[in-house]
Amino acid sequence: MTKYTVPRGTRDILPEEVALWQFVEQKAREIFDLYNFREIRTPIFEHTELFLRGIGENTDIISKEMYSFQDRKGRSLTLRPEGTASVARAYLEAGRGQREPLSKLWYQGPMFRYERPQAGRYRQFHQMGCEVLGATSAYQDTEVIVLAQHFFESIGLKDLEVHINSVGCPTCRPVIKERLKSFLGDNLDSLCADCRKRFEANPLRILDCKNPQCNEFFVMLPDISDVLCAECKEHYHDVQNYLNIMRLKYKIKPRLVRGLDYYTKTVFEIISAHLGAQNAVCGGGRYDNLIKELGGTPSPAVGFAFGLERAVLIMQNQKVSVREHRPYLLLAPLGENAGNRAAILANKLRRRNIPLEIDISSRSLSAKLKTADRLGVRYAYILGEDELVDKCGQLKDMQGGSQKKISFEKILEEIENRYQKYRRENK
Ligand SMILES: [Zn+2]
Ligand SMILES: [Zn+2]
């Protein structure tokens, strides 16, 4: 017999874990609202050209990680490997730059990269992110960093560190690259094969190498921040200034770069002590040239994104628990006639917004009470054949164990009152 399994690098998120995901998503929406970000939804696939142009041809994503395919008319399409390029495209296509000087947008959804699967890393993974388009001021960089930190604290993550750096702009980037190349050129033998390839095409990316041998060597690298141009230096200074006055702790990491070519000036990561080697919970930065690169009028921008898989993984490691949504009541009819009565009650109670389950099976009362325990309901309402005669059932308190006779007529109101009280107490 054939066994079907999920494709390599993908996974099912089962209901017990979904509770954590929903918690993360709900918190993110709350925090994004506080900072006046609005949601945007873009397609899961785009023209391949968008990513070639937007992300940069010399990045790992473009050279080996994209899920590209031809549609039936021979057009090359790609499952989105990240969210920023699509948001920038949508922003341009809708002409939002003319309508609002500052567009603050957030997105969420699955992204796709053909990578080697490892702990917390999948080929279909899920991201949420924020983008500020039209963001001229260094304040916007800071606001995004503060928002990110605020959000991760709100989902209960501890021991976080904010790392920042500036990767320069088209004016000073060539100088940075030269500085790096002249240092690395004499030491190419100390680098891994990937880095030797990056040396010509994209030397800045070498700093992002996770190979321990390379990392050991990077300690000796020259500091690139002193070759920033005057404008980049001032911007970097302003970002730090805002962070200082907003009292957000951060560390300057002169070798921090991001895996995408579009970043300019500020880049940042938030690091968790609970993640091991792949310890960034989010990353982001400024991308002043992406909009221009995609054919729009130049518009500076800044944003960040985080992977839900990793956020959930840290929550699990830190034993953050969230309350799962459970039914409040189990209707336990015994016999066919009682079953009919219970079906009617179920319908009425659900219309009154009471979450409930009904065990319509022909199993015994004790089996049904086990169901009630397993579901974690607060009450079971038992409808026996005998009790149908005087039109009432037994309301059993599943925590205290006490039982009380309540008529069909009164049960709706009774449950509704108890449930509302429970809701008020468990907000
Ligand atoms: Zn510069
Ligand atoms: Zn390397």
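Colleague: Are C172 and C229 buried or exposed?

Modeller: Keep in mind that this is a predicted model. The cut-off for buried is under 20% relative accessible area. C172 falls in that class, and so does C229: both are buried.

Colleague: Which residues are the protein donors of the zinc ion (ligand 1)?

Modeller: The donor atoms lie 2.2 to 2.3 Å from the zinc ion (ligand 1). Along the chain the donors follow the spacing C-x2-C-x56-C-x2-C. C172 sits in the loop between β7 and α7, and C229 in the loop between α9 and α10, 57 residues apart, so to speak a link between distant parts of the chain. The donors, each through SG, are C169, C172, C229 and C232.

Colleague: What is the arrangement of the four donor atoms around the zinc ion (ligand 1)?

Modeller: Four donors count as tetrahedral if all angles lie between 85 and 135 degrees. Here the donor atoms subtend angles of 101 to 115 degrees, so the arrangement is tetrahedral.

Colleague: Which strands stand at the edges of the open sheet?

Modeller: The eight strands have the order β1-β5-β6-β11-β10-β9-β7-β8, with mixed pairing. An edge strand has a single partner, so one side is left without a neighbour in the sheet. The edges are β1 (38-39) and β8 (251-252).

Colleague: In β5, which residue is the bridge partner of R38?

Modeller: Two bridges join β1 to β5 (residues 103-112), and these strands run parallel. In β5, the partner of R38 is L105.

Colleague: At about what angle does helix α1 run to β6?

Modeller: Helix α1 (residues 15-34) lies across β5, β6 and β11. Its direction relative to β6 (124-133) is about 5 degrees.

Definitions and conventions. Residues numbered from 1 in each chain as written. Chains lettered and ligands numbered in written order. Predicted model: local features only at pLDDT ≥ 70, side-chain atom pairs only at ≥ 80, totals over all residues. Heavy atoms only, no water. Donors = N, O, S within 2.8 Å, 3.2 Å for Na, K, Ca; no water. Tetrahedral: all angles 85-135°; square planar, octahedral: opposite > 155°, others 65-115°. Helix = DSSP H or I, 4+ residues; strand = E, 2+ residues; numbered from the N terminus. Buried < 20%, exposed > 50% of the residue type's maximum accessible area, 1.4 Å probe, protein only. Pairing = 2+ DSSP bridges. Contact = heavy atoms within 4.5 Å. Axes fitted to C-alpha atoms, helices over the stretch in contact; angles between N-to-C directions.
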